[in-house]
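Please keep the sequence and the model in view while reading.

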Amino acid sequence: MNFSILPKIELHCHLDGSVRPETIIDIAKKEGTSLPSFDKEEIKRELIAPLDCESLDEYLKRFSIPNLVMQSNENLKRITFELFEDAAEENVKYMEVRFAPLLHTRKGLSVEEIIQSVIDGMKEAEDQFDIKGNIILSCMRTMSVESAFEVVEKGKTFLGKGVVAIDLCASEEEGFCGKFVEPISLARQYGYRVTIHAGETGIGKNVLEAVELLGAERIGHGVFIKDCVEAYNIVKEKQIVLEMCPTSNVQTKAVQQFSAHPIYDFHRDGIKVTVNTDNRTVSDTTMAEECHIVCNEFAMNVKEYKQIYLNSVEASFADLKTKEKLKKYL
Ligand SMILES: [Zn+2]
């Protein structure tokens with residue numbers, strides 16, 4: 001299967017992990033921001049997490065450089081536009097991009113300005129390329145509960161205008177869900193859809209709690225339901241969709257190698273899985289590459305790939321009209 005040509009859907013992609021290295025250099029030069037290097041290959045080495053990275057926390061260190069250049073309306077718009085352009089170029093037909101607005105306030109932008117800039121970049125790309133998108137607002141679970149309320153409250157004006165969902169991300173601790181019950185419940189009342197990073201680093205029970213306490217409809221990663229029967233069963237029974245990111249999962253040591261990834265076992269057992277990049281730059285990958293890895297590693301056929309594509313369409317937070325259109329690409 002030639003995955004550069006096949007239509008693809010991406011549901012799990014972080015804006016700050018997917019900035020073009022040359023854009024980081026370009027903006028830093030213009031703004032006089034200091035970087036460890038202005039050489040493209042050297043900056044790539046700083047940005048890309050190696051496959052033998054030690055942990056999720058080690059992986060997350062790679063995000064400090066891109067965030068240096070994501071502090072103005074113009075830059076946020078440009079970076080979002082370029083991400084959609086890169087995705088459209090490899091035949092991604094629909095992409096949900098997520099980002100944490102509170103990481104972009106360092107030079108005085110308001111949360112509303114930040115969200116609007118990202119939406120503007122997405123809309124401009126939608127006008128120019130054959131791709132549609134939506135935005136997911138991430139709350140950092142390393143920040144306070146108040147900060148999650150702030151994102152939920154300020155983001156709600158953008159629901160129906162490009163923003164569709166709320167997410168919790170960053171370093172994963174056992175039992176984090178309990179802390180965020182109130183802001184996520186408020187988000188649901190406002191009409192946000194809910195996807196939560198959980199079960200990425202060894203704690204399957206977090207997936208159970210994300211579904212039971214936070215009403216998660218989708219789970220970012222969910223690799224470790226493999227070690228937690230209750231989490232596994234609830235995901236299967238409620239048809240909670242897993243947004244899996246194979247390369248990222250090897251880098252963060254959720255799995256030791258691709259062959260140990262549970263995605264295919266889950267799929268065969270009737271769990272709804274999807275394939276995603278997580279971070280195009282930090283994981284040095286593309287959707288075509290991730291689909292290739294999965295299908296190659298587990299000898300999947302076209303029919304199985306189509307099932308995963310359809311899982312992604314159904315699980316997307318797109319409107320019905322968009323979903324119908326996406327199904328026709330197959
Ligand atoms: Zn993620």
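## Basis of the model

The model is predicted; local features need pLDDT of at least 70, side-chain atom pairs count only at pLDDT 80 or more, and totals for chains, interfaces and linings use all residues. Residues are numbered from 1 along each chain as its sequence is written, and side-chain values use heavy atoms, with hydrogens and water left out.

## The zinc site

The zinc ion has as protein donors His12 (NE2), His14 (NE2), His197 (NE2) and Asp278 (OD), at 2.1 to 2.4 Å. Donors are N, O and S atoms within 2.8 Å of the metal (3.2 Å for Na, K and Ca); water is not among the atoms, so sites may look incomplete. Along the chain, the donors are spaced as H-x1-H-x182-H-x80-D. His197, in strand β5 (residues 193-198), and Asp278, in the loop between β8 and α13, are 81 residues apart and link distant parts of the chain. Helices (H or I, at least four residues) and strands (E, at least two) are DSSP runs, numbered from the N terminus.

Most residues other than glycine have a negative phi.

Asn91 lies in the loop between α5 (73-89) and β2 (92-99) and is partly exposed, with a relative accessible area of 22%.

How values were computed: Buried < 20%, exposed > 50% of the residue type's maximum accessible area, 1.4 Å probe, protein only.
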